[in-house]
Amino acid sequence: MRVDQPVAYRVADRRRETHDAWTLRLEAVDGNAVPPFSPGQFSMLYVFGSGEVPISISAIPEAGAALVHTVRAVGAVTRTLCAAQPGAAVGVRAPFGRGWPVAAAEGRDVVVVAGGLGLAPLRPVVHELIARRDRFGRVAVLYGGRSPSDLLYRDELDEWRRTDAIDVELIVDAPEEGWQGKVGVVTKLIRRASFDPANTVAMACGPEVMMRFAATALRERGMAPSDVWLSLERSMKCATGHCGHCQLGPLFICKDGPVVRHDRVEHLMRTPGL
Ligand SMILES: Cc1cc2nc3c(=O)[nH]c(=O)nc-3n(C[C@H](O)[C@H](O)[C@H](O)COP(=O)(O)OP(=O)(O)OC[C@H]3O[C@@H](n4cnc5c(N)ncnc54)[C@H](O)[C@@H]3O)c2cc1C
Ligand code: FES
């Protein structure tokens, strides 16, 4: 299948996650679907008359050709996507990029660290960890948001907590009335999480500054730099490694990422305040 031409999809279903984020389920028109995804890969979603944006897959349905994406309205294209009603047309080029090292984490502890919308690309990882629970050691999901109402997938987070299969810890910067959970930044959870630093794979996604601090906290716990993985966001156009829009040092984030080893990009990441 050619990845330079959008395939026709329609919005089948939409669900509000937060005040500015929606999860869309897209279905292929005429059953003509894009190839299957791995957790961490992304689509280029094209909105007619508006433009095209990279959006991560936020769930991988077991059957059928549906695509699930969680989108935050920040600008022209994402605002149109978030307002799209069932039946609206969306063009899809996909799948792109290198995903999370889930297979390589088998037999080891896994720490998933997410901030805000960063849980979206990690949600298919958590689904896979739960589905194949016996293949992994301890599993900790550490999720932080600005406020309780900024946390995605609240019902599902409760379900994950109820299963006891994995350890799920939530934290917010600014509590709201009724919040009885932890207050602070997600790195606080890393310091207390239960995992064997010598035998753990960590996967982190969120604002870049949060990932920097998370990676530092994981390494302070004794993790090897090569076991800490991040998902980076850069401006994208072609998504196929040709235009250079997403270049970060020697890497093209659209094809060498978006998931990258922390020690390979540490010196290239944005410095807070710059
Ligand atoms: C690999 C990859 C995966 C992504 N996955 C997702 C996803 O799953 N869900 C999702 O909602 N977004 C995701 N993004 C970010 C998304 O692509 C951008 O938010 C989008 O391109 C913005 O386009 P726009 O036309 O709506 O806004 P623009 O008109 O391009 O930008 C409007 C304003 O928003 C700011 N802005 C742009 N991007 C962001 C951003 N990422 N966060 C905050 N502010 C921003 C701009 O600086 C500008 O001020 C991903 C990006 C990459 C590279
Ligand atoms: S978006 Fe064109 S090279 Fe990555």
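This is a predicted model: local features need pLDDT of at least 70, side-chain atom pairs count only at pLDDT 80 or more; totals for chains, interfaces and linings use all residues.
Local features need pLDDT of at least 70, side-chain atom pairs count only at pLDDT 80 or more, and totals for chains, interfaces and linings use all residues. Residues are numbered from 1 along each chain as its sequence is written.

**Largest pocket**
- The largest pocket holds about 1,100 Å³ of space.
- On a 1 Å grid over the protein atoms alone, a pocket is an open set of points with protein on both sides within 12 Å along at least five of seven lines, and lining residues have an atom within 4 Å of a point.
- The pocket is lined by 43 residues, and Arg72, Leu117, Gly206, Pro207 and Glu233 are the closest to its centre.
- β4 gives the most to this lining, with 5 residues.
- Domain 1 (7-96) and domain 2 (103-269) each supply at least three residues to the pocket lining; domain bounds come from an automatic or database domain assignment.

**Largest cavity**
- A search of the whole structure finds 1 cavity of 30 Å³ or more.
- In a cavity, a 1.4 Å probe fits but cannot get out.
- About 30 Å³ of space lies in the largest cavity.
- Its lining consists of Thr18, Asp20, Ala21, Arg72, Gly116, Leu117, Asp150 and Leu152.

**Thr18**
- Thr18 sits in the loop between β1 (7-16) and β2 (21-28); strands are DSSP runs (E, at least two residues), numbered from the N terminus.
- Thr18 has a relative accessible area of 7%, so Thr18 is buried (under 20%, 1.4 Å probe, protein chains only).
- Leaving out residues up to four places away in sequence, Thr18 touches Ser149, Asp150, Leu151 and Leu152 (heavy atoms within 4.5 Å).

Definitions and conventions. Chains are lettered from A and ligands numbered from 1 in the order in which they are written. Side-chain values use heavy atoms; hydrogens and water are left out. Grid points are joined across faces, edges and corners, and a volume is the space filled by probe spheres set on the points. Helices (H or I, at least four residues) and strands (E, at least two) are DSSP runs, numbered from the N terminus. Buried means under 20% relative accessible area, exposed over 50%, partly exposed in between (1.4 Å probe, protein chains only).
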